[in-house]
Structures are given as structure tokens and as C-alpha cells.
Amino acid sequence: MKILVIGGAGYIGSHVVKAFLQAKHEVTVFDNLSSGKLGNLFPAAGFISGDIRHTDDLDGAFARGFDACVHLAAFKAVGESMVSPEKYSVNNLTGTINILNAACAHDCKNIVFSSSAAIFGAPQYLPIDEKHPTNPESYYGFTKLEIERILGWYDTLRGLRFAALRYFNAAGYDTSGEISGLESNPQNLLPIIMEVAAGLRKELQVFGKDYDTRDGTCVRDYVHVSDLAQAHVNALEAIVKEKKSLTVNLGSEKGITVTEMLEMARRVTGKEIPARYVDRRPGDPSELYATSAHARELIGWAPQYSDCETLISSTWAVYEHLHGEKESK
Ligand code: UFG
């Protein structure tokens, strides 16, 4: 298939591009490089420089004719979405509507969308399945949920088939070392631990040690980015074959605590990784993990790289050479 990967120069997007190329699809990346990196682009994929806020950019891109698009272009900082909702409205909501309209206008009737576990809010039961009530606690999560609903309407009204993939905690790097673009100013646990291990940060602050979990720190479901990437390929092939939209949770189904992640990182890197236990971060649920039974059934997905050691070793392979150099091209 001819596939337009919107946001394909980003952290998850570049892994998605690799997975589609490996599955012998023809890939073109559309990205404004605001957080994506030129160095994340694959020579085998085409590249269009464009912005999802500009309808002309999208119109020009979709006019080239694509069988499907994958949409990963979004702002994703939960905290920032609470102080700058306008930015999230314009990019995540309006930008997505622009994509859907351009796709439909050019008869591109299949889309894979990056949704998030953030749509669920505080868990009412565990593991979280697709029927779990949705009650996002951040504006970021709200944008993802609204887009899922809009996709449902475009399916009904325009025959647009979609796969909504609800990522749990994405982590890790391509294990062959082919992708090494670092996120600028990372906000997530594993890259922060890696920055401490590489000497770029003084210490890890562990948010809360009095949760009702096995060691008092929060439990999350970390899933390797290459496993997530493979899910995009499976999901697209499934909606095309079955002619039916789908929505699935994507997690490893294994809950890991912050302290377990830290201790494993100390073992894998051989570094001390200083850490300090501080107050809870507002809005953090104590435990969050998925069941991916639905993804197994519907798209034949099974994580291969999402064990804690591979998550850390593949990330450390990218960080260990940094020696104070943070930005990548
Ligand atoms: N944590 C720390 N110290 C840090 C950073 C994180 O202790 O410096 C802890 C958090 O309290 C949390 C865990 O590590 O318990 C993971 O935190 P992240 O910020 O890496 O991830 P979140 O679980 O908060 O959220 C992530 C993504 C969201 C997505 C969500 C879905 O950032 O976009 O997973 O589960 F919605």
C-alpha cells in the first residue's frame, strides 16, 4: 500500500515508518519537524515538509494519492495541555479534522490513529480493557478521546475506516540501533532515568513512595515502541482486509513500578543513578495497566520487546554515548 505517515519523523513515528518499510509498503513522511528530527527519516521513505494546521499543505500531500494514512502528529505533554489548551485544540483537534477532510477529499479511506491510555483517567478496575469508562483527567487525554469520537462519525458519514490505537507507556528504542533521534526535553520516566545515568541530570525525582502498590511507587504498563510500531502495520492490514474500523488498547500487560524500573536501569547501565523520593505528582493514578487481549484477537498483535530489560538496554544504547551532548539532529 501507499501510506502517508503524518508525524513520521518523531520518536514513535520513525519506528512506525521502519515497520511499514519492513512490511514492504511504500511510505511517505509528512512532518513539520517541530519535534521530529531530520535524522529520524529513512532514505527509503519519501518526505513532505508540511504542517497539519495548514490545509493547503495537507491538500497537496493527499493529492499525490495514498491508500492509507497514519496520524501521529500531536503535542503530547500532559502537564502542558493543562496550561496551554489552545495549543492542543489547534494542533491536536483542528489539525486532525484537517487531516480527515483532506483524506476524504482525495479518497484516502483508511487511517491509523495514535490514541492514548490518557483517555481513561483514573482506573475503575484493572487491567484496563476497551470497555473501561473514559474520563480523561487532562486536556491532552480529552483531545484524544474527542478524536476517537470524530473518527466514529467520519466512518458512519464518509466510510472512512479507522484503527484507534490506545498506547500505554511507550518506551525503548529500535534494537538494531537504526533510530537514535532523542526527544528534546523528555518528560517521561525512562528517558529521564537515562539522562541521569548519562550525567545530564543530577538525580531522578521519584514522585511518591506511599502508593498502595508493592513498593509504594506507581505502577505503569511500559510497551516497547517497536511493538507499538508493529501494531500499526497489523491494524492497517486488518481494517483493509475486514473493511471494518477497530479500537484497541496496546500495553505489555505487565505492571512495573518506578522503583523496579530504576533498579533494573542501575543493573543494565552499571551506573549509580542517584534518586530522591519526593511528593506525589498531582493527577498520577497509582496503577495503570492494560489487557491487550482485544489486540491479540483483532490484529494478531503480541509484544516481542516489551520486557523491562530490553526497554532499558535499547534506550541506554542511544543515551550512553552522549557525554553531555543532548540534542540530536
Ligand atoms: N515519574 C517519576 N519521576 C519522573 C517522571 C515520572 O517518578 O521524573 C513517574 C510518574 O509519577 C509515573 C511514572 O513515572 O508514575 C511514569 O510517568 P511518565 O510521566 O513517564 O508517564 P505517565 O504514566 O504519566 O504518562 C504516559 C504518557 C502520557 C500517556 C500515558 C498513558 O506521558 O502521554 O502514559 O498511560 F497518556
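This is a predicted model: local features need pLDDT of at least 70, side-chain atom pairs count only at pLDDT 80 or more; totals for chains, interfaces and linings use all residues.
Local features were taken at pLDDT of at least 70 and side-chain atom pairs at pLDDT 80 or more, while totals for chains, interfaces and linings use all residues. Residues are numbered from 1 along each chain as its sequence is written, and side-chain values use heavy atoms, without hydrogens and water.

The shell around the ligand holds 22 residues. Asn188, Leu189, Gln205, Arg220 and Asp284 come nearest. By class, the shell has 13 nonpolar, five polar and four charged residues. Here Ala, Val, Leu, Ile, Met, Phe, Trp, Tyr, Cys and Pro count as nonpolar; Asp, Glu, Lys and Arg count as charged; the others, Gly among them, count as polar.

Secondary structure was assigned from DSSP runs, with helices (H or I) of at least four residues and strands (E) of at least two, numbered from the N terminus. Helix 6 (189–197), strand 8 (204–207) and strand 9 (219–224) each give at least two residues to the shell. Strand 8 makes the largest contribution, with four residues.

For aspartate 284 the distance is 2.6 Å. For arginine 281 it is 2.8 Å. For asparagine 169 it is 2.9 Å. On its own, the ligand has 680 Å² of accessible area, and the protein covers 89% of this. Accessible areas come from the Shrake-Rupley method with a 1.4 Å probe.

Helix 2 (residues 55–62) crosses helix 4 (residues 85–105) at roughly 35°, and their axes come within 9 Å. Axes are lines fitted to C-alpha atoms over the stretch in contact, and angles run from 0 to 180 degrees between N-to-C directions. The crossing is right-handed, that is, the near helix is turned clockwise from the far one by less than a right angle. Contact means heavy atoms within 4.5 Å. From helix 2, Thr55, Leu58, Asp59 and Phe62 take part; from helix 4, Gly95, Asn98, Ile99, Ala102 and Ala103. Five of these residues are nonpolar, three polar and one charged.

Glutamate 203 sits in the loop between helix 6 and strand 8. Beyond its neighbours within four places in sequence, glutamate 203 contacts Val196, Pro274 and Arg276. Its side chain forms a polar contact of 2.8 Å with that of arginine 276. Such a contact is a pair of N or O atoms within 3.5 Å; within protein, one must be able to donate a hydrogen and the other to accept it, and residues adjacent in sequence count only if both atoms are side-chain atoms. The C-alpha atoms of glutamate 203 and isoleucine 193 are 8.1 Å apart.

The loop between strand 5 (110–116) and helix 5 (139–158) contains proline 127. A cis peptide bond, with omega about -10°, links leucine 126 to proline 127. Proline 136 lies in the loop between strand 5 and helix 5. Its C-alpha atom is 6.0 Å from that of alanine 118, 18 residues away in sequence.

Lysine 24 occupies the loop between helix 1 (11–22) and strand 2 (26–31). Lysine 24 is not a glycine, yet its phi is positive, about 70°. Most residues other than glycine have a negative phi, and most peptide bonds are trans.

Technical notes:
A residue is near a molecule or strand if one of its heavy atoms lies within 4 Å of it.
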